Amino acid sequence: MHKDTVAVAAGRPEHAHDAPVNPPVVLTSTYRGVGEVSGEDRSYARAANPTWEAFEEVLAELEEAPCPALAYASGMAAIAAVLSLVPVGGTLVVPRHSYQGTVQLARRWEDRGILTVRTVDIADTAAVLAALDGADMLWIESPTNPMLEVAELPALLAAARERGVLSCVDNTFATPLLQQPLTLGAHLVVHSATKYLSGHSDVLMGAVLCATAELRQRLHAQRTLEGAVPGPFECWLALRGLRTLAVRVERSMASAAELALRMREHPAVAGVRYPGLPGDPGHERAVAQFAGGFGSVLAVVLHDDAAAAEHLVSGLRVWTPATSLGGVESLVERRRRHPDEPRTVPENLLRLSVGIENVADLWQDLVPGLDALADR
């Protein structure tokens with residue numbers, strides 16, 4: 001089936017007379033059982049829940065994973081679980097432009113002597129390949145947050161496998177609709193399900209997908225012991241959000257592409273980063289690697305300074321100033337307002353997560369502020 005059909009049809013109860021269309025929310029902390037516990041038993045609610053399993057089934061089908069996904073209490077819980085696979089004293093290669101939480105956690109572990117961090121420009125394939133020497137894990141974001149650089153995924157993942165380096169791709173920005181990194185050779189895929197998968201800014205959740213059952217078993221055992229599990233109701237909401245993933249992403253991508261073109265022509269804008277734009281540094285790779293679109297996030301660099309960027313954001317009414325992305329509402333923020341954002345991110349860069357509102361309204365909300373900056 002096509003992925004938009006999978007998102008709707010998978011993870012449903014058995015097709016039977018009088019069966020419910022949707023899986024139920026199973027609220028229990030324990031399960032009945034006697035005798036010796038096997039690895040297949042639910043046994044206790046920290047190990048498994050039928051509501052998680054429905055979500056995990058759908059996401060695995062979308063990512064073309066060989067085994068069910070693992071749901072986590074948050075995106076950071078999922079990220080921490082994967083990073084913990086780096087052996088003590090090992091080396092992690094991570095993009096210089098990445099989700100802040102990923103880099104901050106890695107740096108904390110580095111400060112404690114747990115691992116060594118090597119940062120790279122993930123779009124510079126030669127530099128990444130050089131950094132893989134002696135490494136234990138390659139972490140990839142593509143597109144990156146917030147610079148929207150596109151990695152040469154097939155080459156990097158193949159090189160990691162050849163060198164015995166574990167690889168993980170954070171697929172939050174692209175979603176399983178645009179790319180499926182496991183099919184390209186990744187060992188692991190991570191999602192902040194808070195973003196596009198749930199899609200309504202009302203859930204904190206994460207997920208990990210594994211290329212082998214052995215990797216999944218390791219992470220499942222760790223998740224059970226450490227307790228980084230989601231609540232059943234959160235999983236149910238995330239699954240409900242997944243049902244509309246395709247239509248939400250289709251609408252928001254079309255609007256993002258239109259806004260990127262308009263932004264590029266506005267005199268207040270110094271530059272637009274969006275892989276769908278011809279001439280963008282990641283355009284050719286995106287065309288070759290993405291399926292059916294270029295995502296719903298764009299980065300805009302203004303001619304004016306950080307204060308002007310903040311003033312523009314504060315005057316918007318349709319766009320919401322907020323730090324997340326991937327919801328039905330359009331969000332915007334100046335990324336360098338966060339103290340841990342890399343200094344290579346321009347002070348006056350705005351990250352825009354385009355939602356499903358009418359694109360004309362989104363543009364008209366931006367125009368007065370942009371025009372005022374152009375007239376200064």
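Leaving aside its neighbours within four places in sequence, which residues is Lys-195 in contact with? Select Lys-195 together with Thr-172, Ser-324, Leu-325 and Gly-326, which are the residues that answer this, contact meaning heavy atoms within 4.5 Å. Before going further, note that this is a predicted model, in which local features need pLDDT of at least 70 and side-chain atom pairs count only at pLDDT 80 or more, whereas totals for chains, interfaces and linings use all residues. Residues are numbered from 1 along each chain as its sequence is written, and side-chain values use heavy atoms, with hydrogens and water left out.

Staying with Lys-195, you will find this residue in the loop between β6 (188-192) and β7 (206-210); helices (H or I, at least four residues) and strands (E, at least two) are DSSP runs, numbered from the N terminus. An unreviewed UniProt entry lists Lys-195 as "modified residue: N6-(pyridoxal phosphate)lysine", and such annotations, given in the numbering used here with feature names shortened, may be inferred rather than shown by experiment. Lys-195 counts as buried because its relative accessible area is 14%, where buried means under 20%, exposed over 50% and partly exposed in between (1.4 Å probe, protein chains only).

Next, turn to the salt bridges, each a side-chain nitrogen of Lys or Arg within 4 Å of a carboxyl oxygen of Asp or Glu, of which the count comes to 17.

- Select Arg-285 and Glu-152, whose side chains meet in a salt bridge (3.7 Å, N to O). This pair links distant parts of the chain, 133 residues apart, with Arg-285 in helix α11 (residues 283-289) and Glu-152 in the loop between β4 (137-141) and α6 (153-162).
- Select Arg-262 and Glu-258, where the closest N and O atoms of the salt bridge are 2.7 Å apart. Both residues lie in helix α10 (residues 245-265), four residues apart, about one turn of the helix.
- Select Asp-280 and Arg-273, joined by a salt bridge with its closest N and O atoms 3.8 Å apart. Asp-280 is buried at 6% relative accessibility, and Arg-273 is buried at 18%.

Finally, select Glu-333, Arg-335, Arg-337, Glu-341 and Arg-351, which are linked in a network of salt bridges.
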